[in-house]
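Please read the following report alongside the sequence and the structure shown here.

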Amino acid sequence: MLKALTIAGTLIAAAAPAAAQSIDPLVAAIAATARQHFGHARAIVDPSIDRETVRRGAKTAQIQACGGQWDRLSFLPFMAQLRASGRYSEQQLAYIAVVHGMAQQRVYTHLTARAEPCPAAARAALAR
């Protein structure tokens, strides 16, 4: 699992650096939409979990754009780690999965619109 997380971290670092600077507005927008979906006006999880989940969704999108097994390398280990912590209810885990999926889709759409959705550095990290 550590190897998968390291690969995912390297992949997202190879993505657009400007995306990291604008992550908080993205987190806020995604979290608000997800809360609406669940019928909640207030936070369902701590905002730090929203941020971590959106970042993981972005990593997952990069793996997906490079043709990697994004579910096995990123999404499933992330969800397993959260579930194993015992800190989150089933509803919170479902919310986290929705936030992850929304972030993944937004970033994946952005990456695939580029001329090179999987830069050489990302491809090399995924190969390792």
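## Aromatic pairing and burial

In this predicted model, the count of aromatic pairs comes to one. The pair is formed by Phe-38 and Tyr-95, whose rings are arranged edge-to-face, with 5.9 Å from centre to centre and an angle of 75° between the planes. Distant parts of the chain are linked by this pair, since Phe-38 belongs to helix H3 (residues 23-38) and Tyr-95 to helix H6 (residues 90-112), the two being 57 residues apart.

When residues up to four places away in sequence are left aside, Thr-60 touches Trp-70, Ser-74, Phe-75, His-100 and Gln-104.

| Residue | Relative accessible area | Class |
|---|---|---|
| Phe-38 | 21% | partly exposed |
| Tyr-95 | 0% | buried |
| Thr-60 | 0% | buried |

Phe-38 counts as partly exposed because its relative accessible area is 21%, and buried means under 20%. Tyr-95, by contrast, is classed as buried because its value is 0%, and Thr-60 is likewise buried because its relative accessible area is 0%.

As to confidence, the mean pLDDT of the chain is 86, and 82% of its residues reach 70 or more. Over residues 1-22, however, pLDDT stays under 50, and for this stretch the model has 29 contacts beyond four places in sequence.

Terms used. Residues numbered from 1 in each chain as written. Predicted model: local features only at pLDDT ≥ 70, side-chain atom pairs only at ≥ 80, totals over all residues. Heavy atoms only, no water. Buried < 20%, exposed > 50% of the residue type's maximum accessible area, 1.4 Å probe, protein only. Contact = heavy atoms within 4.5 Å. pLDDT = per-residue confidence, 0-100. Phe/Tyr/Trp six-rings, centres within 6.5 Å; stacked < 30°, edge-to-face > 60°. Helix = DSSP H or I, 4+ residues; strand = E, 2+ residues; numbered from the N terminus.
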